[in-house]
Amino acid sequence: AMDSIGTAHGTITGGMQASGRVTLSGTDQYVTLPNTILNGLSAATFEMWVTWTGTTDWQRLFDFGENGADMSDQVSFSANASSSFFSFTPRAGTSDSPGCMSTGSRPLVSMTGSGPSMETCILNAPAFPTGMTHVALTIDASTMRLYIDGASAGMATPPVSLGSITQSHNCIGRSQYAQDPEFQGSIDEFRIYPTARTAAQISASESAGPGSVPTQ
């Protein structure tokens with residue numbers, strides 16, 4: 001999965017790539033990104049165009065962090081009880097984590113510096129759309145904010161700095177946890193900017209569409 005801007009190329013496990021689009025079946029298919037991809041970032045914007053065709057809770061669009069296992073492995077919740085991670089799922093199931101109490105059936109952004117029991121989440125976003133969807137997530141020292149199709153879909157205060165997330169397992173389409181299914185659908189573009197972009201910039205990028213890099 002070639003990085004058209006720099007050298008942070010990804011490795012596709014399973015899946016199919018054609019015309020700049022990666023398609024994942026939801027079973028043992030994902031993209032691995034370099035474990036240095038967030039190095040030096042105190043703020044960032046994660047932007048992607050995706051089509052989610054899954055019907056199962058907790059499929060990860062992305063999950064950056066650690067789980068104490070080799071890259072080919074995933075672990076249980078108990079084995080990952082103190083790890084750091086930063087993730088997004090288009091539809092969460094019910095969660096009773098103290099910082100992340102979700103009734104499910106909604107997109108969920110999760111960030112933690114010390115395991116799932118200490119998560120902070122962006123909750124109550126609208127149900128994830130069908131068809132190609134623009135997703136953007138901005139984060140800096142004080143705020144992380146989710147946008148779906150250019151509209152603000154929730155915000156939260158990050159519990160730790162982005163730079164403190166240990167990056168041994170950075171994936172598109174795969175969770176740190178063995179209990180969670182892989183992502184089912186396609187990704188047309190996945191970008192990481194080294195700044196928290198403004199709402200106006202997010203809107204302009206959404207309008208421009210994948211394959212058209214907006215003015216920085």
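Start by selecting strands E12 and E13: they form a hairpin with 4 residues between them. (Strands, marked E, are DSSP runs of at least two residues, and helices, H or I, are runs of at least four; both are numbered from the N terminus.) You're looking at a predicted model, where local features need pLDDT of at least 70, side-chain atom pairs count only at pLDDT 80 or more, and totals for chains, interfaces and linings use all residues. Residues are numbered from 1 along each chain as its sequence is written, and side-chain values use heavy atoms, with hydrogens and water left out.

**Stop 1: the hairpin**

Colour residues 132–139 for E12 and 144–148 for E13. These two strands pair antiparallel over 5 bridges; to count as paired, DSSP must find at least two bridges between them. Now click on Val 135, whose bridge partner in E13 is Ile 148.

**Stop 2**

Is E12 mostly covered or mostly open? Mostly covered: 7 of its 8 residues are buried. (Buried means under 20% relative accessible area, exposed means over 50%, and partly exposed is in between, using a 1.4 Å probe and protein chains only.)

**Stop 3: a loop residue**

Next, pick Asn 39, in the loop between E4 (30–32) and E5. Asn 39 counts as partly exposed because its relative accessibility is 49%. Then draw a distance from its C-alpha to that of Gln 29: they are 10 residues apart in sequence and 25 Å apart in space.

**Stop 4: zoom out**

Buried residues make up 49% of the 216 in the chain.

Finally, colour by charge, counting Lys and Arg as positive and Asp and Glu as negative, but not His or the chain ends. Each charge is placed at NZ of Lys, CZ of Arg, CG of Asp or CD of Glu. The chain has 8 positive and 17 negative charges, and their mean positions are 7 Å apart.
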